[in-house]
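I opened this model to look at its strands, its core and a few charged side chains. My notes follow.

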Amino acid sequence: MADRLEESLADLAESGRRHAVPPAPERIRARGEQRRRRRRAALASGGALLAAAVALGGLSLVRAARDPEPPAVLPTSAASPFVPPTPAPGAEYAEELAYVYDAVAEGDDTVRVTVEPLRTARGGATPTGEVHTLTLPRGTPVETRRLSGGKPADLRLDELLDRLAAGPKWAFAIDYDGEGRVHSLREAYWLGD
């Protein structure tokens with residue numbers, strides 16, 4: 001059986017040699033030229049892509065050297081070391097007890113006031129010696145008592161500009177929210193009682 005298999009394989013190989021026609025020389029050259037053109041095109045496009053990448057990298061380096069990036073943390077002004085108080089855990093607001101004076105309207109929307117923090121001792125209050133300014137919306141709520149003639153009243157800051165324009169006379173509890181914004185002012189009438 002092995003002899004027959006070898007014999008039929010040999011016959012098959014011989015018939016393949018007789019029937020196989022080698023390709024024409026022109027066709028062999030055409031395929032070679034086509035392969036060469038493809039290879040050159042691939043090399044040229046790869047080179048162009050590499051040159052473009054190098055050029056873009058160089059441009060980004062030049063631009064980075066010319067335009068420095070802004071700092072990750074913006075510098076804060078050293079002129080005012082004031083840091084608004086933060087609410088205690090579970091509290092909605094934090095307060096600062098202070099004289100509020102020199103109120104000046106700035107434009108149509110805001111009022112700038114000078115704030116002089118107070119330290120309470122034995123039922124009275126004494127200035128701490130620090131002073132800072134706040135710019136507040138004109139509509140900031142203000143709870144008053146003495147400023148409104150002895151009767152409790154809810155006013156807006158712009159309604160008190162004339163009375164708060166003088167020097168330190170009126171003490172307030174300034175309510176700050178968790179983001180350091182002033183929520184309201186409450187007249188500290190109890191300091192004089």
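**Entry 1: Asp175**

I looked up Asp175 and found 8% relative accessibility, so Asp175 counts as buried. Buried here means under 20% relative accessible area, exposed over 50%, partly exposed in between, with a 1.4 Å probe and protein chains only. The model is predicted: local features need pLDDT of at least 70, side-chain atom pairs count only at pLDDT 80 or more, and totals for chains, interfaces and linings use all residues. Residues are numbered from 1 along each chain as its sequence is written, and side-chain values use heavy atoms, without hydrogens and water.

Asp175 sits in strand β7. Its side chain joins that of Arg186 in a polar contact of 2.9 Å. I take a polar contact as a pair of N or O atoms within 3.5 Å; within protein, one must be able to donate a hydrogen and the other to accept it, and residues adjacent in sequence count only if both atoms are side-chain atoms. Among the residues that Asp175 touches, leaving out those up to four places away in sequence, are Tyr93, Arg181, His183 and Arg186. Touching, or contact, means heavy atoms within 4.5 Å.

**Entry 2: strand pairing**

Next I followed β8 (residues 182–187). Strands are DSSP E runs of at least two residues, helices H or I runs of at least four, numbered from the N terminus. Two strands pair if DSSP finds at least two bridges between them. β7 (residues 171–176) pairs with β8 in the antiparallel sense over 5 bridges, and Ile174 stands opposite Leu185. The two strands form a hairpin with 5 residues between them. Gly180 in that turn has a positive phi of about 85°. β5 (residues 141–144) runs parallel to β8, joined by 2 bridges. There I found Glu143 opposite Arg186.

**Entry 3: the core**

Which residues of the largest nonpolar core touch the most other members? Of its 21 residues, they are Val113, Leu134, Leu136, Leu164, Phe172, Ile174 and Leu185. β1, β2, β4, β7 and β8 each give two or more residues to this core. A nonpolar core is a set of buried Ala, Val, Leu, Ile, Met, Phe, Trp, Tyr and Cys residues joined through side-chain atoms within 4.5 Å.

**Entry 4: Glu96**

I then checked Glu96, in strand β1 (residues 94–106). Glu96 is buried yet has no salt bridge (a side-chain nitrogen of Lys or Arg within 4 Å of a carboxyl oxygen of Asp or Glu). The nearest side chain of opposite charge, Arg119, is 11 Å away. The Glu96 side chain does make a polar contact with the Tyr176 side chain, at 2.7 Å.

Methods. Lys and Arg count as positive and Asp and Glu as negative; His and the chain ends are not counted.
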